[in-house]
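Me: Please take me on a close look at one helix packing in this model, and then follow its residues out into the rest of the fold. I would like the cut-offs for the terms as you go.

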Amino acid sequence: EESKHKYGGLFSRMLCRTWPATNEGRTAPTDLRLLQHMLTWQPCAGILKLFGEASDLVTFLNEDSQTHIASYKSLLGTVIQELTKGSIVTGHLQLLLQHKKQFLELCNAVTVCSPRKEEAKTKKGKGSGKQDKSGNMVTVVKVGDTTWPVRQLEKVLDWRGKEMT
């Protein structure tokens, strides 16, 4: 328990120091600036995974850090929705195309399921994931009431990129 508080404090300091706020932290970053930060700050995907939905570790972070993680998740969800609906801001789409690998890593970090083949056999019937045609579990991102397979998000991103040219 003590080590969780210690690491929570360490992660909190790291999150707060790297947060892309302006005006000495008094002004929240724009969506474009925050998205750019998420796509270029290497630890972001790992932090989203570590402090994800199923983790109780987020409670060991300070309030500002919890808010920052919620902002990451919220913006990522919004960007995925806009990407799939075709209503994404051009600047956001350009960033996603420029940092495609990191975007997909962020998506994988917030997946609702990604069991390995052998785990999929034991988890069948629990209703937590989707299966592809061969019966393997598919890694999906849940945004609101909609789930998107990460592979499909990659195809949609490529498609939107072709639409721009």
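Reply: Happy to. Let's start where the axes of H2 and H4 come within 11 Å and cross at roughly 100°. Because of that angle, H2 counts as roughly perpendicular to H4; the label covers 65 to 115 degrees, while under 35 degrees is roughly parallel, over 145 roughly antiparallel and the rest oblique. The axes are lines fitted to C-alpha atoms, for helices over the stretch in contact, and angles run from 0 to 180 degrees between N-to-C directions. From H2, the contact uses Asp 31, Leu 34, Leu 35, His 37 and Met 38, and from H4 it uses Ser 71, Tyr 72, Leu 75, Leu 76 and Val 79; contact here means heavy atoms within 4.5 Å. Sorted by class, the H2 and H4 contact holds seven nonpolar, two polar and one charged residues. Nonpolar covers Ala, Val, Leu, Ile, Met, Phe, Trp, Tyr, Cys and Pro, charged covers Asp, Glu, Lys and Arg, and the others, Gly among them, are polar.

A word on the ground rules. This is a predicted model, in which local features need pLDDT of at least 70 and side-chain atom pairs count only at pLDDT 80 or more, while totals for chains, interfaces and linings use all residues. Residues are numbered from 1 along each chain as its sequence is written, and side-chain values use heavy atoms, with hydrogens and water left out.

Ser 71 sits in helix H4 and counts as partly exposed, because its relative accessibility is 26%; buried means under 20% relative accessible area, exposed over 50%, and partly exposed in between, with a 1.4 Å probe and protein chains only. Setting aside neighbours within four places in sequence, Ser 71 touches Trp 19 and Leu 34. Ser 71 and Asp 31 are 40 residues apart along the chain, with their C-alpha atoms separated by 9.6 Å.

H4 also packs against another helix. The axes of H1 (residues 2-18) and H4 come within 9 Å and cross at roughly 60°, so H1 is oblique to H4. This crossing of H1 and H4 is left-handed, meaning that the near helix is turned anticlockwise from the far one by less than a right angle; clockwise would be right-handed. Ser 12, Leu 15 and Cys 16 of H1 meet Asp 64, Ser 65, His 68, Ile 69 and Tyr 72 of H4. The classes in the H1 and H4 contact come to four nonpolar, three polar and one charged.

Ser 12 is in helix H1 and is buried, because its relative accessible area is 3%; beyond four places in sequence, Ser 12 is in contact with Leu 61, Asn 62 and Ser 65. Glu 63, in helix H4 (residues 63-85), is exposed at 66% relative accessible area. Ser 12 and Glu 63 are 51 residues apart in sequence, and their C-alpha atoms are 8.7 Å apart.

The largest nonpolar core has 36 residues, and Met 38, Tyr 72, Ile 80, Leu 96, Phe 103 and Leu 106 have the most contacts inside it. Such a core is a set of buried Ala, Val, Leu, Ile, Met, Phe, Trp, Tyr and Cys residues joined through side-chain atoms within 4.5 Å. H4 gives the most to this core, with seven residues. In soluble globular proteins, nonpolar side chains tend to be buried together.

Leu 96 carries the story onward: apart from residues up to four places away in sequence, Leu 96 touches Leu 35, Leu 39, Val 79, Ile 88, Phe 103 and Leu 157. Leu 96 also belongs to the H5 side of a helix contact, where Thr 90, Leu 93, Gln 94, Leu 96 and Leu 97 meet Leu 157, Arg 160, Gly 161 and Met 164 of H8.

To set all this in the whole chain, the secondary structure comes to eight helices and five strands. Helices (H or I, at least four residues) and strands (E, at least two) are DSSP runs, numbered from the N terminus. Of the 165 residues, 36% count as buried.
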